[in-house]
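The sequence and structure come before the details.

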Amino acid sequence: MKTKTYLPQAIRLLCGAALAGALLAAAPAGAQTVTAVMQSGLRVMDPVLSTAFLTRDHGYMIYDTLLGVDANFKIQPQMASWQASDDGKTYTFTLRDGLKWHDGAPVKAEDCVASLQRWAQLDSTGQVLMPMVQHIKALDDKRFEVQLKEPTTLLLEGLSKLSSRPAFMMPKRVAETPASTPIKEYIGSGPFKFVASEFKPGLKVVYEKNADYVPRAEPASWTAGGKVVNVERVEWVSMPDQMTALNALQNGEVDFIQQVPFDLLPIVQNRDDIKVQVLDKLGAWTYYRFNHLYPPFDNKLVRQAAMAAVGQEDVLKALVGNPEYYQTCAAVMGCGNPYGNTYGEEWVVPSNIEKARALLKEANYDGTPVVILQPTDIAMLAAQPIVIGAALRKAGFKVDMKTMDWQTVVTQQGNQKPPAEGGWNIFSTYSILATSGDPFGNTTLASAGRKSWAGWPDVPDIEALRLKFARATDPAERKEITAQIQKLAIDEGVVAPLGQFRIPAAYSSKLDGVMESPVTVFWNLKKSAE
């Protein structure tokens, strides 16, 4: 029995170490390189097609945004400054000097226009914003104009959004790729260049310092300010086995681990040569999504039954364990955020199996299998599907767990085929609270059917309220609107909250200037020789 139990683990560790060694051996001699173990291996690289955090992080390496957001949630100029007309309907954006694409061509206003048009086709903010736009056009090489049909704060909020499809700028020839088609060329104007010749999908990504990048003069703060690169290369390497990654950090083979599993924290917490730090102080919220297109979750009562069955405390204990790092929360826009609302907490926080069974009986659930996507390679996403599946089985659901790596889950999310033909019924993930605090930054709340994010809920009342929010300027009115959205989101099963948590990173004491930010960024940091 011992051989059967321990030999596969030993082989896995040896294979992981061998793979790690192969991936870590290719850095050019003399290059100052920061080697990072990210949450998974990068395969999906188009930041318009995917809302995955790793794809977003890749975007911030090589692309730039017109506007940024600082640690005070203030919108700041990044690639461009802006002027608004007195009536709030016309915005003129002016590109700052020194902007170049990685191929050496200057960034032009027409590039930005094309980038915004592609971004808006799929982004939940852009989809609401564009019908409010009269026109968007280049005025000359450095200026473009956005003419609104009516005043709205949504324009600046959308162009500066931190996550879930930031409005990254691309060359016009790339941005003219249909929004439904992945881009083939990864050229931006950001602080790093993507090294295509060293890319190993799912295993290794290499970025080089963009020597032509001209940072802003202001101090770096979240995605605003000066993106000063102090190292020559950043390499992302994939190490699905967490112990292999931690051993590599302790041995000095890697410099940074984006996410440390909570149960392994004690291994690195008390070492003088390693720093453990929560870089995103606001933290994240985890949730699961139903596929509203097909049985059984095309039935509202069945969605409610599932939400009644799953207990947040059960999920958070399995995912985090240490209550210092988590809290239960029913607010889809975040506990602690201005629009956080507790409606539905008696429904979604505790597990109520009897209530779930009663709802299933009322819905005449016929035993249709529930296909749950279960990623196996990210510690922060592996526990939720298991707990969800166990709770649903107790309530009387028939459950089929479908295991795969996270990047495959990312590609599967957009699959609108029936579950029996390769689709799905449930997947779980998490989002950062810094970008989830309003009806537009929060991608889960878009409810326009097949035009919305994966799950495709069709709740016209939510869409009407989101548009009302975009037009409102009074804080009290906006708070009332978001309270109505919270109620509808819970009652209709648009998203099922599973609670909030904060994720620790670990990095070598050789690194200095690691940014506290809701997104993982590699500018500003320095690496010492000792």
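Buried here means under 20% relative accessible area, exposed over 50%, and partly exposed in between (1.4 Å probe, protein chains only). The model is predicted: local features need pLDDT of at least 70, side-chain atom pairs count only at pLDDT 80 or more, and totals for chains, interfaces and linings use all residues. Residues are numbered from 1 along each chain as its sequence is written, and side-chain values use heavy atoms, with hydrogens and water left out.

**Salt bridges**

A salt bridge is a side-chain nitrogen of Lys or Arg within 4 Å of a carboxyl oxygen of Asp or Glu. The structure holds 25 of them. Among them are the following pairs.

| Pair | N to O distance |
|---|---|
| Arg-118 and Asp-46 | 2.8 Å |
| Lys-142 and Asp-97 | 2.2 Å |
| Lys-161 and Asp-123 | 2.6 Å |

Helices (H or I, at least four residues) and strands (E, at least two) are DSSP runs, numbered from the N terminus. In the salt bridge of Arg-118 with Asp-46, distant parts of the chain are linked: Arg-118 sits in helix α3 (residues 109-122) and Asp-46 in the loop between β1 (33-37) and α2 (53-62), 72 residues apart. Arg-118 is buried, at 2% relative accessible area, and Asp-46 is buried at 3%.

Lys-142 pairs with Asp-97. Lys-142 lies in the loop between β6 (133-138) and β7 (143-148) and Asp-97 in the loop between β5 (90-95) and α3, so this pair ties together parts 45 residues apart in sequence. Lys-142 is partly exposed at 33%, while Asp-97 is exposed at 60%.

For the salt bridge between Lys-161 and Asp-123, the partners are 38 residues apart, with Lys-161 in the loop between α5 (154-159) and α6 (172-175) and Asp-123 in the loop between α3 and α4 (124-129). Lys-161 is buried at 8% relative accessibility, and Asp-123 is buried at 0%.

**Nonpolar core**

A nonpolar core is a set of buried Ala, Val, Leu, Ile, Met, Phe, Trp, Tyr and Cys residues joined through side-chain atoms within 4.5 Å. The largest one has 169 residues, and Leu-66, Leu-392 and Phe-397 have the most contacts inside it. Helix α13 (residues 379-395) gives the most to this core, with eight residues. At least three residues come from each of domain 1 (63-188) and domain 2 (284-501), with bounds from an automatic or database domain assignment.

Contact means heavy atoms within 4.5 Å. Not counting residues up to four places away in sequence, Leu-392 touches Ala-306, Ala-309, Val-310, Val-370, Ile-372, Phe-397, Val-399 and Ile-426.
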